[in-house]
Structures are given as C-alpha cells and as structure tokens.
Amino acid sequence: MEMEAGSASGSGGGSQSRPSFSRRPSAFHKFTQQNLPSCKPALTPGSVIAIFLLMGIVFVPVGLVTLRVSQSVVEIVERYDVECIPKEYKNNRVAYIRDSSISKNCSRILKVPKHMKAPIYIYYQLDNYYQNHRRYVKSRSDRQLQEGLKYKDISSCKPEEYSNGLPIVPCGLIAWSLFNDTFTFIHESVELNVNRKNIAWQSDRDHKFGKDVYPFNFQNGTLVGGKKLDPSIPLSEQEDLIVWMRTAALPSFRKLYGRIEVDLDADDLINVDIVNNYDTYSFGGKKKLVLTTSGWLGSKNDFLGIAYMVTGFSCIFIAISFALLHVKYPRPFRDPAYLSWNRKTNES
C-alpha cells in the first residue's frame, strides 16, 4: 500500500525521478576525449638527425649479413620445357604434349657450380601459372579431403566433382591438375636417392587430409589433367598432392619435389632423366628444375638484404642532409618568430 501511495503521489505531482549521472570524468571518458596521460616528445633537429643516423647504422650491417647469407646459397636453375621438345614438334608443342603415343623422356646435364652440402632441395618451378584464379582456388572440398566418400556435398568442386556418375576423391580442379613430371638424378653412373618424405607441412598431413581417405574414381574421365594417384595409399601420405593443394599466390612459384641427402662437389655433372608429361604449352607457361641448398635464412633471396641496405643508406643520406641544412640554416628551438604567420607579419 505504501508503495502504491508513493507512486501515485509521485505521478500526481508531475515530477519523475531521473537517474543521476556523475559529472566527474571517468577513465573511459578520458579515453574517448583523448585526455589520458601521454608522452609527447618534442623532436628537435638534433634528435631527428640522430634517429635517422642510428637507423642507418643498424640497417646497413643487417642488410650486408642478410645478403651474404643469401649469396652463400648454391642454386641451379634449369628450364627444360623448351629443350625437351623434339625438333619435329617445335612448332606444335601442344600436339606433342597431348599425344600419349609419343615418348616424353628427356635428358639434361647439370653442372654443379660450387660445393653443395646436403640436404639439397629439389623444386619444380612453374611460371605464368595462375593458381590464384578465383574459380581454380574454389574448386576443392576440404571436408571431402578429411572425410572422403562420407561427405556428399561436393558442389564446390565443379567441374570435377563427378565422373561417370560417381564422385571423385579428391575432387576439384586443383587435385585434377596435379603436377606429373618426374625426375631421376644420376651421378657417376649411380642413381641418387631422392627422399620424398616429409616434403609437406606436418599440420596439413595430420589435420587436412584424412588417414582413412583413399583416392576414388580419380583421373578416370575422358580428359586427364595431371598425375594419377595410387588408390591404395591414403591422402595423408600422398605428399606430392598435399604440396600441390597448397595453392600459390603468385603466377611464378616453386613447389618442393624432394631432397638429395648427399653432398655434391664443385664441377660435378648430374644427369637428369625427365619425363616431360605436364602441359604448360597450351597457356604459355614455363617449367624449370631447381636444385638448391639452404641457409639459416632459408633459400636464396637477395631482395631482403638489398631492401635493408637501401633503407639504411637512405636514412644515412637523410641524416647528413638534415645536418647540413641545420648547420646552414640554424633555428632556435621553440622560437615563435619562425612560425609562418609571424614571419609574414614581420616581413610586412
């Protein structure tokens, strides 16, 4: 009853109680109004010159070390797609590569320029090959790679989701276009062993490709795209497929083929027997074989070292330029007479 009376009297009086807000600024209010304590350094000409000079002193040695490490990597690059075409098919390369009755065997000789310490990584390089094309990248089913035939919705794999009315495992254009050139290396009449294990990321092998998922109805259509897969080996162990399925962002890319685990001396001759199966001729692509060692920064890449050095020398040049300007045109610190509006007033 008291509550009812109180509410009635409150409404009859024409006044309503309103929540009271504190006018004291809170921490959040200070943050939104940008009133929090902050460091506002006053950059003097001397401090600016010192900062640029310090950056140059740090960046130049880092660039020199990085460039030296990159240049210590020994790399052999051999383009073989042109030389592996028979003379009678030089003007009709597409007909050659698509004719299964013609032998695709080819032999190239590589000369080792410097001592190559094991492991020696073998890559195949493709140029003008757009794995980042939207329709190509989307033509796959990650769920099917993990679950196999148990997963039914493979519409994302168009146009390679079914063949002869049966689902394809693995489906999609990426798997269908699997690289299928092969390389055999012979040194002093002895075939070098190429280790093709552990060439894919362990996370891909363990989590993205099923251990109980096997290829099914793969490359059984009228148009065969690339390599055929062994139906008795699960996808998690088909490492060449796993490497290929990790699509490249740029039209020129390398993918790991295997490792040679013996040293090669300078001036050694390596005979490479190539089976030139993969069609890059129909779209003007290039194929290269790459043998390379590795440094503590990875494979050969001079760009990082050059970028550090260019940045470092630029900072040193800017520091020297600022120092000369400061000496020639000195300016007292925080002198309001040098403000643009004050200078106009003084000149007038």
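The legends below describe close-up views of a predicted model.

**Figure 1. The largest pocket and its lining.** The space in this pocket comes to about 740 Å³. Its lining is made up of 23 residues. W176, V224, G225, G226 and D279 are the lining residues that lie nearest the centre of the pocket. Two helices, α4 (93–98) and α7 (173–176), each supply at least two residues of this lining. By residue class, the lining holds 11 nonpolar, 8 polar and 4 charged residues.

**Figure 2. The second largest pocket.** The volume here is about 330 Å³. This pocket is lined by 15 residues, and P45, H326, Y329, P330 and R331 are the closest to its centre. Two or more lining residues come from each of α3 (45–71) and α10 (303–328). The largest share, 3 residues, is that of α10. The lining divides into 11 nonpolar residues, 1 polar residue and 3 charged residues.

**Figure 3. The largest cavity.** Rolling a probe the size of a water molecule over the atoms shows where empty space is left. In this model there is 1 cavity of 30 Å³ or more. The volume of the largest cavity is about 90 Å³. Its lining consists of Y124, L178, F179, N180, D181, T182, R196, K227, D240 and Y257. Of these residues, 4 are nonpolar, 2 are polar and 4 are charged.

**Figure 4. E161 and the loop between α6 and β4.** E161 is found in the loop that runs from α6 (142–147) to β4 (162–163). E161 is buried, yet has no salt bridge. The nearest side chain of opposite charge belongs to K158 and is 5.3 Å away, whereas a salt bridge needs a side-chain nitrogen within 4 Å of a carboxyl oxygen. Leaving aside neighbours within four places in sequence, E161 is in contact with I154, L166, P167, I168 and C171. P159 is found in the loop between α6 and β4 as well, and the peptide bond leading from K158 to P159 is cis, with omega near 5 degrees.

**Figure 5. Backbone geometry at P170, N198 and N217.** Most residues other than glycine have a negative phi, and most peptide bonds are trans. The bond from V169 to P170 is cis, with omega near -5 degrees. P170 has its place in the loop between β5 (166–167) and α7. N198 is not a glycine but has a positive phi of about 60 degrees; this residue lies in the loop between β8 (194–195) and α8 (202–207). N217 also has a positive phi, near 55 degrees, and lies in the loop between α8 and α9 (239–245). With 12% relative accessibility, N217 counts as buried.

**Figure 6. The salt bridge between R108 and E78.** Side chains of opposite charge can pair when their charged atoms come close. The count for the model comes to 13 salt bridges. In this one, the side chains of R108 and E78 meet at 2.8 Å, N to O. R108 lies in strand β2 (residues 105–111) and E78 in strand β1 (residues 75–79), so the pair ties together parts that are 30 residues apart in sequence. R108 counts as partly exposed because its relative accessibility is 21%, and the cut-off for buried is under 20%. E78, with a relative accessible area of 17%, is buried.

**Figure 7. The salt bridge between E239 and R205.** The closest N and O atoms of this pair are 3.9 Å apart. E239 in helix α9 and R205 in helix α8 are 34 residues apart, so the pair links distant parts of the chain. E239 is buried, with a relative accessible area of 8%. R205 also counts as buried, at 14% relative accessibility.

Figure 8. R259 is buried, with a relative accessible area of 12%, whereas E261 counts as partly exposed at 47% relative accessibility.

Notes: Residues numbered from 1 in each chain as written. Predicted model: local features only at pLDDT ≥ 70, side-chain atom pairs only at ≥ 80, totals over all residues. Heavy atoms only, no water. 1 Å grid on protein atoms, 1.4 Å probe; cavity = no way out; pocket = protein on both sides within 12 Å on 5 of 7 lines; lining within 4 Å. Points joined across faces, edges and corners; volume = space filled by probe spheres on them. Helix = DSSP H or I, 4+ residues; strand = E, 2+ residues; numbered from the N terminus. Nonpolar A, V, L, I, M, F, W, Y, C, P; charged D, E, K, R; others polar. Buried < 20%, exposed > 50% of the residue type's maximum accessible area, 1.4 Å probe, protein only. Lys, Arg positive; Asp, Glu negative; His and termini not counted. Contact = heavy atoms within 4.5 Å.
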